[in-house]
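Open the structure in your viewer and keep the selection tool at hand. The stops below say what to select next and what is there.

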Amino acid sequence: MSALPSSTTPAPLLRPRFDTIPAALRTLDQWVVWKGEWLPDKNKYSKVPFNARTGGKGSSTDTSTWSSFEQARRACEEKPTCYDGVGFVLHPDDPFAGVDLDHAITGKQISSEAERFVTLLNSYTEVSPSGTGLRIFVMGSLPPVGRKKGDIEMYAAGRFLTMTGRSWPGTPATIEPRQDVIEAVHAEIWPPAPPRAPSGPRTNPADLPADDTDLLKIAYAAKNGAKIEALYRGDTSGYPGASEADLALSSLLAFYTGDDPVRLDRMFRGSGLMRDKWDEVHYSGGETYGEHTVSKAIAACSEFYSPPGVLSANFAEKVKKAAKHSQVMPRTDSLEGDNSPSEAARTLADFENTDGGNADRFSFLFGGEVRYVPGLGWRCWTGARWNGGQQSAQTRSRDTVRALYAYAGELTESLRLIEDQDERKMVAQRAEELLKHSRKSDSAPRIAAIATLAAADPSLAADTADFEPKPWCVGFPNGTWDKGEFRDHRKTDYIENLTA
């Protein structure tokens, strides 16, 4: 698809034909009106959204500025000099995605590339307000990255799409479900990148609050919460420019979102720093400014938030560096930071120094990834399926003892930070007791006893019926097919075998 010839005189915009806009969109209160502002240097229109009810500025991320279809239609019809058309706002809760094909039409002819996409997606397609582009609507979701490349754009949230109702001949009048096709087309334009080596320990998403507002409340309550809140409101004071503020907020959010680029992107879009530049391509390979900022923030984040009572992923990494010999304390240089005892360390140290206490520690450390099934034995979660895991359970039992050594070392190192003599004496005694218990626990019979006793923990219990194959739920290496929907793996599916 070739670019338009340069012109200082813009062509008139096409007014919408309201009655032919798909009913599936008209029933949703996700509408704005817009006005075209010609940009001679870019030879195109900038489409500025407005609130159809108040006439104030509209926003693709602020639901209070949206209206019903009829309200948008009435505003557009009654004030034709104020507004050039209506726009539908894509939201994560709706099932729609839009594909923009710029410069697809010359005269009355469609380019061969655009025609191929129109044929492949085979869903409602209309001419853009400029008369030179096409827009295709489908029901389906998009991968987290890859939104604009050359003359092709794809969006499923955080954008409003101008609507003309001028359907392209030969295409359906309705929006069709095209999940498999949209994924294939997206992968053709934005081939999946090779897996990125992890830059540091991560947080299990299941341990974080599901609601972004709740996660923000936690961030605001932190020592640097005022800084996070100011940035999230859009305050860039103290930063050389908007880009530096964008990266600063993204880096702060990266700590709380735990290596989840989709959630980080979603939360940034809800902030006062969100602007059109976020979705503009600024890098080779079609990477947008926002995608690059998110990737950079996550790559630079070496520690991630863990809720109280949940073992810190960062500290779990330290545990792996703990002593490899039963009589050797863990090297203190493996304990980064100020070496003050984490909340997780205090919690583990407070378990009884008995075999039963070790079993409780095992449950605390690994309860999210192991289950004991009477008659079948241990099952351990691999990230994609449950695996017969007697050996894995024994390995985790050994790791429980290693954790004890590490915690004893952490408590010992924390003594230099404690000024109160009575408190320092109490912590020193606790560390000494924990070290003695670690050494006593570091034998084959005692390690074997951990998994044996943990098998009686009701929180780790599962039933053989849980693991029975379910014909509607089939696991694959890259996800799970569940009643016609392909999604991420879930522990609660209790799948043991994957289909190649």
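A residue is called buried if its relative accessible area is under 20%, exposed if it is over 50%, and partly exposed in between (1.4 Å probe, protein chains only). The model is a predicted one, in which local features need pLDDT of at least 70 and side-chain atom pairs count only at pLDDT 80 or more, while totals for chains, interfaces and linings use all residues. Residues are numbered from 1 along each chain as its sequence is written, and side-chain values use heavy atoms, with hydrogens and water left out.

**Stop 1: a salt bridge and its network**

Select Lys-148 and Glu-153. Their side chains form a salt bridge, 3.3 Å from N to O. The term stands for a side-chain nitrogen of Lys or Arg within 4 Å of a carboxyl oxygen of Asp or Glu. Glu-153 is buried, at 10% relative accessible area, whereas Lys-148 is partly exposed, at 22%. The structure holds 21 salt bridges.

**Stop 2: between two helices**

Select Arg-266 and Asp-212. The closest N and O atoms of this salt bridge are 2.7 Å apart. Arg-266 belongs to helix 8 (residues 261–269) and Asp-212 to helix 5 (residues 212–220), so the pair ties together parts that are 54 residues apart in sequence. Helices (H or I, at least four residues) and strands (E, at least two) are DSSP runs, numbered from the N terminus. Asp-212 counts as buried, at 18% relative accessibility; Arg-266 is partly exposed, at 36%.

**Stop 3**

Two strands count as paired if DSSP finds at least two bridges between them. Strand 14 (residues 377–381) is joined to strand 15 by three bridges. Now pick Cys-380: its bridge partner in strand 15 is Asn-387.

**Stop 4: out from strand 14**

Which residue forms a salt bridge with Arg-379? Select Glu-496: the closest N and O atoms of the two are 2.7 Å apart. Arg-379 lies in strand 14 and Glu-496 in the segment after strand 18 (485–487), so this pair links parts that are 117 residues apart in sequence. Arg-379 is buried, at 10% relative accessible area, and Glu-496 is partly exposed, at 21%.

Last, select Lys-148, Glu-153, Arg-159, Asp-265, Arg-269 and Asp-279: salt bridges that share partners join them into one network.
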